[in-house]
Amino acid sequence: MLDVKKIKLDFPILRRQVNGKPLVYLDNAATSQRPKPVLEAIRDFDTQHNANVHRGLHTLSEEASAMYESSRATVAGFIGAPADELVFTRNTTEAINLVAAAWARHNLQPGEEILSTVMEHHSNILPWLQLGVTMKFVDITDEGILDMKDFAKKLTKKTKLVTVGHMSNATGTINPIETIIKLAKKVKARVLIDAAQSVQHLGIDVKQVNCDFLAFSGHKMLGPMGIGAVYLKKERQEEMLPFMTGGGMISEVYLDQPAVWAKGAEKWEAGTPNVSGAIGLAAACEYHNRLGMINIRAHEKELTEYGLKQLSRIKGLRLVGPKDASIRGGVLTFVFDQYHAHDVAQVLDSEGVAVRSGHHCTMPLHQRLGLVSTSRASLYIYNDKSDIDRLIEALDKVRSVLG
Amino acid sequence: MDLYREEILDHYKHPRNFGDLTDFELKDSDRNSSCGDSLEMGVKIKNGKITDVKFTGIGCAISLASASMVTEMLMGKTLVQADKINDQAMLKRLGIPISITRQKCALLGVAIWQKLKLKLK
């Protein structure tokens with residue numbers, strides 16, 4: 001189990017007061033906070049090693065290049081991938097757009113389809129819709145669980161790509177990706193996993209699950225904003241064209257004949273990369289490794305069970321998503337009486353409790369569940385039962401303020 | 001909490017001029033999709049004067065209360081007077097600081113009035 005009291009001390013921002021109350025940060029599905037080792041790694045790069053990578057022969061550039069590549073190896077290792085299969089991006093959104101533009105656009109034949117689900121984040125829907133190919137969406141149950149019968153029905157020989165989130169940012173639903181990938185492979189479909197909500201809470205090994213692509217963001221896993229990554233399986237890399245073109249992603253450029261693209265991950269990293277971001281993300285991966293992903297999941301599962309139990313006791317509050325914490329990550333989503341989610345969030349904020357309100361970039365999911373907007377408290381390693389208790393107390397205040 | 005001061009809560013719980021817009025010919029709607037606010041407003045005009053105004057829809061306390069206030073501000077005004085009812089007037093009417101993220105809630109009602117105004121021209 002995790003020593004949450006000790007973990008909290010690693011996060012300077014958690015000492016902050018908000019509206020005169022100690023901050024309770026429960027918006028981790030939107031972005032997470034950064035611990036001292038991550039902040040220090042970034043600071044060390046900025047103050048001691050800052051230089052462009054793969055371009056200079058001077059000492060700083062050599063150091064920066066070595067640190068960037070070692071960060072790549074660390075981040076790749078975190079998801080069980082070799083370094084040459086990991087490409088740094090800005091975030092999950094860019095990672096998925098990269099696969100859509102550099103792989104899907106050139107590999108889908110007329111008549112072939114992309115299969116996704118209605119519970120996806122907009123960033124795992126829109127990049128595919130832009131391709132103008134046929135898309136199908138697997139339905140969910142009223143509890144927000146993927147309908148595997150519908151999946152089996154919609155997965156056909158025409159399906160070229162299955163693209164699915166590992167864990168829903170809106171309901172916390174954990175999808176059975178091992179089964180999904182096995183079924184997809186039977187019809188020779190490729191699989192992309194949107195792991196923005198799962199690498200840091202559940203952990204994943206890309207070689208074990210055997211997906212083709214996997215996308216995630218640094219800022220949702222204790223790292224900085226503006227850095228993310230995409231796993232590109234070697235065989236798929238051979239089928240891919242560049243995403244953006246420019247410096248860093250070429251080996252030879254001519255004015256009168258086609259350029260020769262760089263080999264390996266660099267081919268998809270045009271321009272000066274976010275080196276300090278990559279270093280910060282690697283430090284974030286190491287932070288998770290020290291705690292252990294099994295311990296992180298066990299802690300968050302227990303906290304999810306506690307949160308679901310406490311919230312279900314509140315009169316007029318309706319929980320959204322799976323009731324069973326074994327298929328639900330630390331995302332507590334609810335509708336409270338007739339109160340609009342924004343008003344709930346605003347009153348909670350006045351009590352120092354930070355939650356998200358709205359449709360959480362999942363409009364199709366909300367439409368499917370017949371909801372306009374929801375409130376969402378999402379958990380992480382530095383949350384404990386006292387944070388849930390503060391949420392419950394603050395919800396009392398909603399009724400007294402809004403009547 | 002200033003944002004939910006008594007008058008605003010009163011407008012939220014008992015919105016003025018709220019109801020069915022079937023018999024309104026001049027009407028328009030607007031929404032804040034990311035919030036789930038969706039309002040519709042109609043006006044009746046006779047001899048250059050607003051003789052009736054109504055709104056309907058769903059929204060948060062701030063969007064409903066401010067739309068309710070807009071209908072009060074418009075009712076009975078001449079078109080010349082009503083022309084001055086804009087974002088600034090709305091924020092002044094609310095009388096409390098509105099954060100950047102809540103501005104679109106506070107200004108949804110007045111935004112529909114701006115759309116209706118264009119239809120008049």
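In the predicted model, strand E14 (residues 331-336) and strand E17 (residues 374-378) of chain A run antiparallel and are joined by 4 bridges. Within this pairing, Phe334(A) lies opposite Ser375(A) of E17(A). The two strands belong to an open sheet of 4 strands in chain A, with the order E13-E14-E17-E16 and antiparallel pairing. Strand E13 (317-320) and strand E16 (356-358) form the edges of the sheet; each has a single partner strand, so one side of each is left without a neighbour in the sheet. From one strand to the next, the twist averages 30°.

Chain A as a whole contains 14 helices and 17 strands. Its radius of gyration is 22 Å, close to the 22 Å given by the globule rule for 403 residues, and chain A is therefore as compact as a globular protein of that length. Along the principal axes, the C-alpha atoms of chain A fill a box of roughly 75 × 55 × 35 Å. Buried residues account for 50% of the 403 residues of chain A. Of the contacts in chain A between residues at least 6 apart in sequence, 68% join residues at least 24 apart.

One loop position of chain A was examined individually. Gly132(A) lies in the loop that connects helix H5 (126-129) with strand E6 (134-138) of chain A. With 9 other C-beta atoms within 10 Å, Gly132(A) is exposed, since a residue counts as exposed if 12 or fewer such atoms lie within that distance. The C-alpha atoms of Gly132(A) and Arg105(A) are 9.5 Å apart in space, and the two residues are 27 apart in sequence.

The secondary structure of chain B consists of 6 helices and 3 strands, with the elements running α-β-β-β-α-α-α-α-α from the N terminus on. For chain B the radius of gyration is 13 Å, close to the 14 Å that the globule rule gives for 121 residues, so chain B is as compact as a globular protein of that length. The box filled by the C-alpha atoms of chain B, taken along the principal axes, is roughly 45 × 25 × 25 Å. Of the 121 residues in chain B, 39% are buried. Among contacts in chain B between residues at least 6 apart in sequence, 62% join residues at least 24 apart.

Helix H1 (residues 6-13) and helix H2 (residues 61-74) of chain B pack at an angle of about 85°, and their axes are 8 Å apart. H1(B) and H2(B) are therefore roughly perpendicular to each other. On the H1(B) side the contact involves Ile8(B), Leu9(B), His11(B) and Tyr12(B), and on the H2(B) side Ala61(B), Leu64(B), Ala65(B), Ser68(B) and Met69(B). By class, these residues comprise 7 nonpolar, 2 polar and no charged.

In the other packing, the axes of H2(B) and helix H6 (residues 108-120) of chain B cross at roughly 45° and come within 7 Å. H2(B) and H6(B) are therefore oblique to each other. Here Ser63(B), Ser66(B), Ala67(B), Val70(B) and Leu74(B) of H2(B) meet Leu108(B), Gly109(B), Val110(B) and Trp113(B) of H6(B). The contact of H2(B) with H6(B) has 6 nonpolar, 3 polar and no charged residues.

Between the chains, 13 residues of chain B are in contact with 13 residues of chain A. The side of chain B that touches chain A divides into 9 nonpolar, 3 polar and 1 charged residues.

How values were computed. Residues are numbered from 1 along each chain as its sequence is written. Chains are lettered from A and ligands numbered from 1 in the order in which they are written. This is a predicted model: local features need pLDDT of at least 70, side-chain atom pairs count only at pLDDT 80 or more; totals for chains, interfaces and linings use all residues. Two strands pair if DSSP finds at least two bridges between them. Axes are lines fitted to C-alpha atoms, for helices over the stretch in contact, and angles run from 0 to 180 degrees between N-to-C directions. Angles under 35 degrees count as roughly parallel, over 145 as roughly antiparallel, 65 to 115 as roughly perpendicular and the rest as oblique. Two residues are in contact if their C-beta atoms, placed from the backbone, lie within 7 Å. Ala, Val, Leu, Ile, Met, Phe, Trp, Tyr, Cys and Pro count as nonpolar, Asp, Glu, Lys and Arg as charged, and the others, Gly among them, as polar. The radius of gyration is taken over C-alpha atoms; the globule rule is 2.2 Å times the number of residues to the power 0.38. A residue is buried if 20 or more other C-beta atoms lie within 10 Å of its own, exposed if 12 or fewer, and partly exposed in between; C-beta atoms are placed from the backbone.
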